[in-house]
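Student: Hi! Could you walk me through this structure, a bit at a time?
Tutor: Happy to. Let's have it on the screen.

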Amino acid sequence: MIIPARGGSQRIKYKNIKLFNGKPIIYFSIKESIKSKLFHKIHVSSDSLKIIKIVDKIKTGISHLRPLILSKNSTPLIKVFDYVVEKYKKKNDIFDEIWFLNPCSPLIKSEDLIKASVFFRNQKNNSVLSVCRYSPPIQWAFKMENKTLKPYNEQNQKKTSQSLKNSYFDTGNFGIFSSKVFYENKKITFSGFEISRSKAVDIDTIDDWNLALKLYK
């Protein structure tokens, strides 16, 4: 399990260690990962010594600083995962599965991870992402031009929700990759593991934070 915990959060300062219900929010991702008993190693990757010191107190066993070049807003997470996997590979530590879990995922429980693990092993695709269903249908979406609403597709506006296909979004909470993705440079093909809207809170703003806190309580 890789928990990527960058220190440079812009909208919520030090978001990954901000107190959530009395504990640093990353605590919940770490503890639920441990509780699931799925993982040989739980690795926190961060560019911040402040985060590393807090993580070490939680006693995950593994944490280290990653290069600043891998800690920019524009850095794709897959590059962070590749860096961590390569570090272990050099030690001849090879894994069957590589997981990631967002450090701001206090609503994700160990049972969710266990169910996702079973789901992953029954898929033909080599990767899984946590997803949630859009509601109402995304096909009913509008754009706003000069404060005037315009449908993206007028024909879809006339259709009932039952006649439209379900659409899903990546919740950003967790994902699973087969070893082939990293060790054999295979193309990533995703399956979606659906989680409920009550758990699919991507914490980017204070409003998101407050919503997650209410749902947690």
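Student: Which side chains meet in a salt bridge with 3.7 Å from N to O?
Tutor: Those of Lys15 and Asp204. A salt bridge here is a side-chain nitrogen of Lys or Arg within 4 Å of a carboxyl oxygen of Asp or Glu. Before we go on, this is a predicted model, where local features need pLDDT of at least 70, side-chain atom pairs count only at pLDDT 80 or more, and totals for chains, interfaces and linings use all residues. Residues are numbered from 1 along each chain as its sequence is written, and side-chain values use heavy atoms, with hydrogens and water left out.

Student: Where are Lys15 and Asp204 in the chain?
Tutor: Lys15 is in the loop between β1 and β2, and Asp204 in the loop between β11 (190-194) and α7, 189 residues apart. Helices (H or I, at least four residues) and strands (E, at least two) are DSSP runs, numbered from the N terminus.

Student: Is Lys15 buried or exposed?
Tutor: Lys15 is buried, with a relative accessible area of 14%, while Asp204 is partly exposed at 25%. Buried means under 20% relative accessible area, exposed over 50%, and partly exposed in between (1.4 Å probe, protein chains only).

Student: How many salt bridges does the structure hold?
Tutor: Seven. One of them joins Lys199 and Asp112, at 2.7 Å from N to O. Lys199 lies in the loop between β11 and α7 and Asp112 in helix α4, so this pair ties together parts that are 87 residues apart in sequence. Asp112 is buried at 10% relative accessibility.

Student: And what is Lys143 doing?
Tutor: Lys143 is linked with Glu145 and Lys150 in a network of salt bridges. Between Lys143 and Glu145, the closest N and O atoms are 3.8 Å apart. Lys143 is partly exposed at 30%, and so is Glu145 at 34%.

Student: New topic: aromatics. How many pairs does the structure hold?
Tutor: There are 16 aromatic pairs. Rings of Phe, Tyr and Trp (its six-membered ring) pair if their centres lie within 6.5 Å; planes under 30 degrees apart count as stacked, over 60 as edge-to-face and the rest as tilted. Phe28 and Tyr216, for one, are edge-to-face, with 5.3 Å between centres and 65 degrees between the planes.

Student: Where do Phe28 and Tyr216 sit?
Tutor: Phe28 is in helix α1 and Tyr216 in helix α7 (residues 206-216), 188 residues apart. Phe28 is buried at 8%, whereas Tyr216 is partly exposed at 28%. Ring pairs also bring both into a cluster with Phe20, Tyr27 and Trp209.

Student: What about the largest nonpolar core? Which members touch the most others?
Tutor: Out of 25 residues, those are Met1, Ile3, Ile26, Ile30, Val44, Trp99 and Phe174. A nonpolar core is a set of buried Ala, Val, Leu, Ile, Met, Phe, Trp, Tyr and Cys residues joined through side-chain atoms within 4.5 Å. Elements that each supply at least two residues of this core include α1 (26-36), α2 (49-58) and β10 (168-178). Apart from it lies another core, of 15 residues, among them Phe95, Phe100, Phe177 and Phe182.

Student: What does Val44 contact?
Tutor: Leaving aside neighbours within four places in sequence, the contacts of Val44 include Ile3, Ile26, Ile30, Ile52 and His64. Contact means heavy atoms within 4.5 Å.
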